[in-house]
Amino acid sequence: MALERYVISGAKELRCGFTTGACAAAAAKAAIAMLLSGKAVEQVAITTPNDIRLLLEVEDASYGDGFARCAVRKDAGDDADVTDGALIYASVRLMDKPEIVIEGGAGVGRVICAGLDQPVGAAAINRVPRLMIARCAREALADGGRSGRAGAYIEITVPDGEAIAQRTFNPRLGIVGGISILGTTGIVEPMSTAALIDTIRVEMKVRRGQHAGPLLVTPGNYGETFAGQALHLPGPAVLCSNYIGEAVDCAVRLGFEGLLLVGHIGKLVKLAGGIFDTHSHTADARMEILTAHAALAGASRSVCTNLMRCVTTDAAVDLLEEAGVFDAVIKSVTAQAGIHLSRRAGTLPAELVIFSNARGVLGMTDGAHSMMERMRWNMEEQP
């Protein structure tokens with residue numbers, strides 16, 4: 001059943017969905033209800049942690065001698081979520097003691113790195129979904145007249161979960177064998193900035209659990225590839241997307257030894273203007289910043305006018321080269337970006353490297369070289 005709840009993103013109205021955690025809780029509740037009543041359950045009602053009532057369809061229900069199994073299909077709404085449409089199953093057996101045991105089976109990931117929501121070795125079913133599943137299980141037991149007298153062993157499984165997980169951050173985070181059962185509110189908000197930032201924080205906590213040395217951060221895959229192939233830096237990097245400021249703040253809180261930001265000029269030129277959310281919908285100013293620095297370097301009015309007309313930073317770089325001010329502008333932009341980065345980082349040493357795909361390294365802050373050497377040394381020292 002589609003969730004009739006919407007959020008506004010720009011000029012669009014986008015439909016919300018419900019999380020894998022909500023699906024798992026609903027499937028568990030339906031399975032217990034079937035087990036106690038001996039009757040098929042077609043729909044099940046649950047209440048999310050933020051007090052929204054969901055009435056969800058039950059699929060592929062079955063039960064036999066002492067067990068029941070139900071599935072609820074994940075609906076991500078208008079969010080681009082790779083788990084959209086996945087069936088989340090709960091298999092249930094009753095227990096004689098009033099205890100709720102929740103485990104992950106096939107298609108649910110297993111934690112292999114410290115720093116995540118669950119301890120190493122546990123199924124990747126996060127704390128809030130576990131609370132949701134347990135609460136829904138107790139509701140079903142109470143509805144069936146077994147409150148306080150019986151418990152349940154619940155196993156969550158996801159067919160094709162291992163394949164789906166390859167398109168998520170799980171392999172980077174240290175979760176193997178399947179997807180995570182997630183959700184703090186039970187509701188999926190399309191294109192949620194909070195969800196993206198939370199993913200960045202989780203990955204950084206994992207890196208902090210592995211080491212306290214300098215942290216490699218880059219907006220995306222191009223930066224990570226460049227850092228590994230051109231700069232020979234150990235990976236993986238933390239991919240911060242457009243949320244550079246949030247990544248810096250988190251690195252400060254977690255107490256890393258330092259932070260090295262590696263990024264394409266199209267992103268990092270914005271830092272020279274103090275812009276830490278680099279999404280074009282938030283702020284652009286790439287050409288304004290380059291033009292200001294070109295003027296400071298002595299570029300003519302004609303060059304500055306043409307710079308303002310450039311569409312890409314690659315085109316702008318070519319124009320700066322032709323005008324003979326490229327080196328001065330890149331040096332100035334890099335220094336100013338470094339000043340803003342250091343101010344945001346406070347006591348955390350923070351350096352940056354700016355590159356372009358065509359020209360390689362364009363500029364780096366004064367301490368970037370020594371920080372990279374430290375990172376390479378750390379890699380060699382690891383067993």
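Trainee: Is threonine 157 buried or exposed?
Mentor: The model is a predicted one. Threonine 157 is found in strand β12. The cut-off for buried is under 20% relative accessible area. With a relative accessible area of 11%, threonine 157 is therefore buried.

Trainee: Which residues does threonine 157 touch, not counting residues up to four places away in sequence?
Mentor: Contact here means heavy atoms within 4.5 Å. With residues up to four places away in sequence not counted, the residues that threonine 157 touches are Arg69, Leu87, Ile88, Tyr89, Gly105, Ala106 and Val108.

Trainee: Which strands stand at the edges of the open sheet of 5 strands?
Mentor: The pairing in this sheet is mixed, and the strand order is β6-β7-β8-β12-β9. An edge strand here has a single partner, so one side of it is left without a neighbour in the sheet. The strands in that position are β6 (59-64) and β9 (100-104).

Trainee: How many bridges join strand β7 to strand β8?
Mentor: Strand β7 covers residues 67-73 and strand β8 residues 87-95, and they run antiparallel. Valine 72 stands opposite isoleucine 88 in β8. The number of bridges joining β7 to β8 is 7.

Trainee: Which helix lies across β8, β9 and β12?
Mentor: Helix α1 (residues 20-37) lies across β6, β7, β8 and β12, and runs at about 40 degrees to β8. The helix that lies across β8, β9 and β12 spans residues 127-143 and runs at about 130 degrees to β9. That helix is α2.

Trainee: How many disulfides does the count come to?
Mentor: A disulfide needs two cysteine sulfur atoms within 2.5 Å. The sulfur of cysteine 23 is too far for a bond, because the closest cysteine sulfur, in cysteine 136, is 11 Å away. Cysteine 113 is in no disulfide either, with the nearest cysteine sulfur, that of cysteine 250, 16 Å away. The count of disulfides comes to 0.

Trainee: What is the relative accessibility of cysteine 23?
Mentor: Cysteine 113 is buried, with a relative accessible area of 17%. Cysteine 23 also counts as buried, and its relative accessibility is 0%.

Trainee: Within what arc do the buried residues of α6 fall?
Mentor: In α6, the buried residues are Gly223, Glu224, Phe226 and Ala227. The face turned away from them carries the exposed residues Asn221, Tyr222 and Gln229. What covers the buried side includes α4 (170-173), β16 (214-218) and β19. Seen down the axis of α6, the buried residues line one face of the helix, because they fall within an arc of 165 degrees.

Trainee: Which helices are included in what covers the buried residues of α10?
Mentor: In helix α10 (residues 301-309), Val303, Cys304 and Leu307 are buried. Seen down the axis of α10, they fall within an arc of 100 degrees, so they line one face of the helix. On the other side, Arg301 and Arg309 are exposed. What covers the buried residues includes α9 (286-296) and α11 (313-323).

Methods
Residues are numbered from 1 along each chain as its sequence is written. This is a predicted model: local features need pLDDT of at least 70, side-chain atom pairs count only at pLDDT 80 or more; totals for chains, interfaces and linings use all residues. Side-chain values use heavy atoms; hydrogens and water are left out. Two strands pair if DSSP finds at least two bridges between them. Helices (H or I, at least four residues) and strands (E, at least two) are DSSP runs, numbered from the N terminus. Axes are lines fitted to C-alpha atoms, for helices over the stretch in contact, and angles run from 0 to 180 degrees between N-to-C directions. Buried means under 20% relative accessible area, exposed over 50%, partly exposed in between (1.4 Å probe, protein chains only). The arc is that of the directions from the helix axis to the C-beta atoms.
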